[in-house]
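Dear colleague,

Please find the structure below, handed over for your reference. My notes on selected features follow it.

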Amino acid sequence: MGADDGFVEFVSARWSRLFRLAYLLTGDRTNAEDLLQSAMERTYARWGRVSRMDAPEAYVRKLMTNVVISARRRPSWRHEWLRDDFPERPLPSPDSDVVDHAVLWPLVCALPERQRAVIVLRFYEDLSEADTADVLGCAVGTIKSQSHVAMRALRRGLDATSLNGQGAHS
Amino acid sequence: VSLDQELRSLLQDTAERCEVTTPDVEALVTGGRSLRHRQRVGRTGAGALVVALLATGVGLMAWGGQSDDRPEGRVGTVGPSEPVSPSWLPVTPTAGPQQADHGVMPFFLDLATGERTAVPAGLAPDTIGMSGMGTYVNYDVSSDGRRVLVSTCHSYPCSGTDKVFAANVDGSDLRELRLPGALSGYHPMWSPDGTRIVYQARSGGTNRVGSLVVQDVESGRSNEVVHFPYELSWWVLFPSFSPDGRSIVFQLSHHGSPGSDVWSVPVTGGDPTLLLKNAAWPAYLPDGRHLAFVEPSDGTHRQRIRIADGHGDRRTVVAQGEIRWPTVSPNGARIAFGNGDSVRVVDVSTGRVVTVARGESAEWLDDHTLLVAPHP
């Protein structure tokens, strides 16, 4: 098998799904494209090995998630991966008993990268706590605590916005 | 409705609404090959480094605890040099004004009317003894539009005789900058207030990178803000001041592989900060909050001029085959660049590109006039 066999087909088949994941991890289309492009280049560089894996897509997912998290830790990447600000956050719909996505999405974006990654992997990728821990390279207990802290932050954020509106959440 | 359910719904909806880009598979493969090459070189380099450490007993000095693509060796600051007095020597041009031979001689180009005017003696390389095959000409116009820096850059092998000149826009008051030591000066750029210039000083005829030097125009006092004690195959740094005059932004090539990164260093010296990976040709927009650059930096496939805002947001202004020498107009509305054949101008807000002349590069005299440099 050649070093590149199947890579183009892999990109064609998985790009959309992985791009959406990258977008949820970064909150920005340009950063998402950069993140996925970088991850795919790394994947290509090791394609001989990655292509033999059961799920090459999981390899890319792990790469992207860890780049986003490590970008937060590494000062040299700050200029490239600072989170977008949302200075004007919309208020909840006064007549709704459900959470307005226009309110919740900025709150998710405002989470620290690791917590946000946990939320995205658990609720978008539908990974178990064990699988999420495997992607992030940490213990299941860490995932539980990160998830708990993130959910608490989201609830507090919703409460804060509700003070100016009448949205509700449970 | 539980927050869990809301999150699932939100993330699915947001992901579905996200407009997915089309993958540039060719770029991915090229980037992946470059990375694979770098990994191989890195492994070889790591082995050589271990041998070197064992042989010399010298510890590895990590710069800020990070290692990828950072320059080898200690990058430090050298204090102010003794002033070179006088700092500028008057020069008399050797020939009269040239004909505007498009693509051969430099000329002013009025973008509103299309009128072309030959540059006066003093701004043309052959009138100051700096012409020759393979010679790139660089210009930088001061922010008040009155003075022009003229320098040359000989393609490899370097002649070692490259100099820096300054003249009024009309060619009068031509002077040669006295460089500290027997060094060549490359890509000089004015500070925003016109009192200093920054350039790359290096010994000619080698691939040694040399130093970034900030020099006071009147006193001649120079300050080496960064020293690069090694060789690179592509050693040109393309430094320029930030609009507030406090820092210098420059590009630095990777070791052993194509491409470069963009760094910043205070004008007073100190450890450089990595701003952008895999980026080249940095240039601040006038607001000082946005930085235009070219990526990918290896120049081997489709390149883009992008603008970063320093807060994670980047947007693409234009995508082309090859992009060289981007320069931002004084009002920041347009960027001129070369593609190896022509000079083009792109509108920053709309991305509309216009080919304006044959030539290598162009510098903005004002928001509507370019100084077009010929092909080497």
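**Salt bridges and a sheet**

B:Arg8 is partly exposed, with 34% relative accessible area; here buried means under 20% relative accessible area, exposed over 50%, and partly exposed in between (1.4 Å probe, protein chains only). The model is predicted, so local features need pLDDT of at least 70 and side-chain atom pairs count only at pLDDT 80 or more, while totals for chains, interfaces and linings use all residues. Residues are numbered from 1 along each chain as its sequence is written, chains are lettered from A and ligands numbered from 1 in the order in which they are written, and side-chain values use heavy atoms, with hydrogens and water left out.

The side chain of B:Arg8 meets that of A:Asp126 in a salt bridge, at 2.7 Å from N to O. A salt bridge is taken as a side-chain nitrogen of Lys or Arg within 4 Å of a carboxyl oxygen of Asp or Glu. This pair crosses between chains, from helix 1 (residues 3–17) of chain B to the loop between helix 7 and helix 8 of chain A. A:Asp126 is exposed, at 55% relative accessibility. Helices (H or I, at least four residues) and strands (E, at least two) are DSSP runs, numbered from the N terminus.

Over all chains, the count is twelve salt bridges. One of them joins A:Glu125 to A:Arg17, with the closest N and O atoms 3.1 Å apart. These two residues are 108 residues apart, A:Arg17 being in helix 1 (residues 7–26) of chain A. A:Glu125 is buried at 11%, whereas A:Arg17 is partly exposed at 32%. A network of salt bridges links A:Arg17, A:Arg61 and A:Glu125.

In chain B, B:Asp173 forms a salt bridge with B:Arg147, the closest N and O atoms being 3.3 Å apart. B:Asp173 lies in the loop between strand 6 and strand 7 of chain B and B:Arg147 in strand 5, so the pair ties together parts that are 26 residues apart in sequence.

Chain B also holds an open sheet of four strands in the order 16-17-18-19, with antiparallel pairing; two strands pair if DSSP finds at least two bridges between them. Strands 16 (280–284) and 19 (314–320) of chain B stand at the edges with a single partner strand each, so one side of each is left without a neighbour in the sheet. Three bridges join strand 16 to strand 17 (residues 291–295) of chain B, and B:Ala280 stands opposite B:Val294 in strand 17.

Yours sincerely
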